[in-house]
Amino acid sequence: MKTLLLIFAAILSMTSCNQKTKEATKPEKALVLYYSQTGATKTVAEELQKQLNADIEEIYAVDPYNGDFNATIARCQKEMAEGILPDIKEIKSVIKDYDVVYLGYPIWFGKAAPPALAFVKQYDLSGVKLVPFCTFGSGGKDTGEASIKENSIGKLNIIASYGLRNARVKFAPSEVEYFLKSNGLLEGEYEKKNDFSTMAPVTGKETEIFNQACGDYPMLHATPVRFSTRNVNAGTEYLFEAKDKGMGGETDIKILVNVYHENNLKPEFTEVIR
Ligand SMILES: Cc1cc2nc3c(=O)[nH]c(=O)nc-3n(C[C@H](O)[C@H](O)[C@H](O)COP(=O)(O)O)c2cc1C
């Protein structure tokens, strides 16, 4: 009898265990919020929204930055000198209804564009997991994220961040998918990237690749010093350490460059890390 009872208890505990594992984990509710002036960040935001099945809302400045590039530069410089951020329109989404917020912006002068800074100054994001994302001409993911942290009214819980060069926005579907999956933000298989090789001094061959990738970008005046590589799906990815001659003197930068297997595709840089 005692043995029967023990077997019965064991079966009961196994069933309750099974029930526990079968319980579906509630999917995280995601909101994509973004500011975009010329559409690059909007493309990435919409790709995130699609892949995550998230809600989405755009952030608008009350007085839009709708001038051309030079007019935006001039207005932005004036506002920075005066230490002011633009007023933004109220958003309809209720932040506390979400588990994760993806906050997108273009990089302006190495920082998140002012409407995104105004947003984090006004809306408390401390209760959600935050994923900042940006688009840029050459780079600024880390400095942009730092500016978001500096301006935020609440302590942020940043769980990952993403940046895409505007010239490569056509790759948003595959790049966003890789970012989400490799950071555990979306379920599914993905090809893990190898580690980079050990750094070595550049030779003429790598300098040529560097110049092909960066030579026609007007804001970069860089000379490569050392490099490392790793094989990726489409070809080889280079990580260069370089010296960049800017207005403030020479600075050390890192540049990621893709060299593709396909001969008709020229090497291109994907991000400058300052
Ligand atoms: C005022 C201004 C400042 C900018 N500053 C930078 C910069 O510091 N670094 C950079 O890589 N790109 C810079 N850019 C380029 C934008 O980040 C890039 O074009 C971005 O993808 C635009 O996003 P959007 O199309 O969503 O507005 C700047 C653009 C503007 C208009």
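Helices (H or I, at least four residues) and strands (E, at least two) are DSSP runs, numbered from the N terminus. With that in hand, select E46, which lies in helix α2. E46 is partly exposed, with a relative accessible area of 37%; buried means under 20% relative accessible area, exposed over 50%, and partly exposed is in between (1.4 Å probe, protein chains only).

Two notes before moving on. This is a predicted model, where local features need pLDDT of at least 70, side-chain atom pairs count only at pLDDT 80 or more, and totals for chains, interfaces and linings use all residues. Residues are numbered from 1 along each chain as its sequence is written, and side-chain values use heavy atoms, with hydrogens and water left out.

**Stop 1**

Now go to N53, in the loop between α2 and β2 (55-58). N53 is not a glycine, yet it has a positive phi of about 55 degrees. At a relative accessible area of 70%, N53 is exposed.

**Stop 1: the ligand**

Which residues come nearest to the ligand? Of the 20 residues around it, they are S36, T38, T41, I107 and S138. Being near a molecule here takes a heavy atom within 4 Å of it. Colour the shell by secondary structure and look for α2 (40-52), α3 (69-82), β3 (100-108) and β5 (129-136), each of which supplies at least two residues.

Colour by residue type next: the shell divides into 8 nonpolar, 12 polar and no charged residues. In this sorting, Ala, Val, Leu, Ile, Met, Phe, Trp, Tyr, Cys and Pro count as nonpolar, Asp, Glu, Lys and Arg as charged, and the others, Gly among them, as polar.

Now show the backbone. A polar backbone atom of I107 is 2.6 Å from an oxygen atom of the ligand. For G110, a polar backbone atom is 2.9 Å from a ligand oxygen, and for G39 that distance is 3.0 Å. Taken alone the ligand exposes 650 Å², and the protein buries 87% of that (accessible areas come from the Shrake-Rupley method with a 1.4 Å probe; for residues, only the protein chains shown count as cover).

**Stop 3**

Select F109, in the loop between β3 and β4 (111-112). F109 is not a glycine either, and has a positive phi of about 50 degrees. At 40% relative accessibility, F109 counts as partly exposed.

E90 is in the loop between α3 and β3. Is E90 buried or exposed? At 70% relative accessibility, E90 counts as exposed. Draw a distance from E90 to G163: the C-alpha atoms are separated by 26 Å, for residues 73 apart along the chain.

**Stop 2: aromatic rings**

Show the side chains of Phe, Tyr and Trp. How many aromatic pairs does a search of the whole structure find? It finds 9. Rings (for Trp, the six-membered one) pair if their centres lie within 6.5 Å; planes under 30 degrees apart count as stacked, over 60 as edge-to-face and the rest as tilted.

Zoom in on Y162 and F179, a tilted pair at 4.9 Å centre to centre, with 35 degrees between the planes. Y162 lies in strand β7 (residues 162-165) and F179 in helix α6 (residues 172-182), so the pair ties together parts that are 17 residues apart in sequence. Both Y162 and F179 are buried.

Next, Y217 and F269: the ring centres are 5.3 Å apart and the planes at 85 degrees, so this pair is edge-to-face. Y217 is in the loop between α7 (204-214) and β9 (222-232), while F269 is in strand β12 (residues 268-273), so to speak a link between distant parts of the chain, 52 residues apart. Then select F210, F227, Y238 and F240, which ring pairs link into a cluster.

**Stop 3: S161**

Finish at S161, in the loop between β6 (157-158) and β7. S161 counts as buried, at 17% relative accessibility. The side chain of S161 makes a polar contact with the side chain of E145 (2.7 Å) and another with the side chain of K141 (3.4 Å). A polar contact is a pair of N or O atoms within 3.5 Å; within protein, one must be able to donate a hydrogen and the other to accept it, and residues adjacent in sequence count only if both atoms are side-chain atoms.
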